[in-house]
Amino acid sequence: RPHVARSTLLVVAALVVAGAAYLVWARLTAPPGGITWGPLDSVVAARSSDRLARPAPPFVLPTPDGGTLALEDLRGHVVLLNFWATWCEPCRAEMADLDRLAREWGPQGVRVVGINVGENPEQVRRFAAELGLQFPLVIDSEGTVYPAYGVMGLPTSFLVDADGLIRDVRLGVITPEYLANRVRPLLAAGS
């Protein structure tokens, strides 16, 4: 009998984990303003609101080619920090829009930085080459930066104003419309 009870408990636990994973996946892949998940959105909103109007945690992270990038070096620019991973399909889906944002809005003072969570430089280099990405990518291989930002899932993006304050947080896929609606006011405020 203990063996049957233990097996049942394992099956129930597996179903709970699978259900939770599905809910998180569905929320992360929902378009902005699309599906809402009540309690999950409330948790994310509460966690995100703690970060708003506060200084972005500083970091110096390695690039895939052996260099480094420091957030402090981007002061004076509007910065989009995007936490991602190569295995994350929603992350892959938004990369072309992030690259376009970096190219089109760069001359106006916008910088995009992709912060890879926990992978090795070769994986990141291959991913960037495959997608033709031109914006800077860095690697949080030690796992110290994403918890400093309170990242709860991938992708997660933070908009940082020219003074280094976090002005917006988005858990899930971002779109060009979302970016335009959030970036334009920050550029206008900085001029």
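Asparagine 82 is found in strand β3 of this predicted model. Its relative accessibility is 0%, so asparagine 82 counts as buried, the cut-off being under 20%. The side chain of asparagine 82 makes a polar contact of 2.9 Å with the side chain of glutamate 94. Apart from neighbours within four places in sequence, the residues in contact with asparagine 82 are Glu94, Met95, Leu98, Val113, Gly114, Ile115, Pro155, Thr156 and Ser157.

**Glutamate 94**

The partner in that polar contact, glutamate 94, sits in helix α3, which covers residues 89-105. The side chain of glutamate 94 does reach a backbone atom, the nitrogen of isoleucine 174, at 2.9 Å. Beyond its neighbours within four places in sequence, glutamate 94 is in contact with Asn82, Pro155, Gly172, Val173 and Ile174.

**The disulfide**

A search of the whole structure finds one disulfide. A disulfide is a covalent bond between the sulfur atoms of two cysteines. Here the bond joins cysteine 88 to cysteine 91, with 2.3 Å from S to S. The link is right-handed, with 80° about the S-S bond. Cysteine 88 and cysteine 91 are both buried.

**Salt bridges**

Side chains of opposite charge can pair when their charged atoms come close. The structure holds eight salt bridges, and the table gives some of them.

| Pair | Closest N to O distance |
|---|---|
| Glutamate 72 and arginine 75 | 3.4 Å |
| Glutamate 122 and arginine 126 | 3.7 Å |

Glutamate 72 has a relative accessible area of 51% and is therefore exposed, the cut-off being over 50%. Its partner, arginine 75, counts as partly exposed at 45% relative accessibility.

Arginine 100 and aspartate 97 both belong to helix α3, three residues apart, or about one turn of the helix. An α-helix has 3.6 residues a turn, so residues three or four places apart point the same way. Arginine 100 is partly exposed, with a relative accessible area of 33%.

Glutamate 122 and arginine 126 are both in helix α4 (residues 121-131), four residues apart, again about one turn of the helix. Salt bridges with shared partners join Glu122, Arg125 and Arg126 into one network. At 35% relative accessibility, glutamate 122 counts as partly exposed.

**Helix α6**

Helix α6 runs over residues 176-190 and has 15 residues. From its first C-alpha to its last it reaches 21 Å, close to the 21 Å expected at 1.5 Å a residue. Which residues of α6 are buried? They are Tyr178, Leu179, Ala180, Val183, Leu186 and Leu187. The elements that cover these buried residues include β3 (78-84), α3, β4 (110-117), β6 (156-160) and β7 (166-171). Among them, β3 is the strand that holds asparagine 82, and α3 is the helix that holds glutamate 94.

Note on methods: Residues are numbered from 1 along each chain as its sequence is written. This is a predicted model: local features need pLDDT of at least 70, side-chain atom pairs count only at pLDDT 80 or more; totals for chains, interfaces and linings use all residues. Side-chain values use heavy atoms; hydrogens and water are left out. Helices (H or I, at least four residues) and strands (E, at least two) are DSSP runs, numbered from the N terminus. A polar contact is a pair of N or O atoms within 3.5 Å; within protein, one must be able to donate a hydrogen and the other to accept it, and residues adjacent in sequence count only if both atoms are side-chain atoms. Contact means heavy atoms within 4.5 Å. A disulfide is a pair of cysteine sulfur atoms within 2.5 Å. Buried means under 20% relative accessible area, exposed over 50%, partly exposed in between (1.4 Å probe, protein chains only). The expected span of a helix is 1.5 Å times one less than its number of residues. A salt bridge is a side-chain nitrogen of Lys or Arg within 4 Å of a carboxyl oxygen of Asp or Glu.
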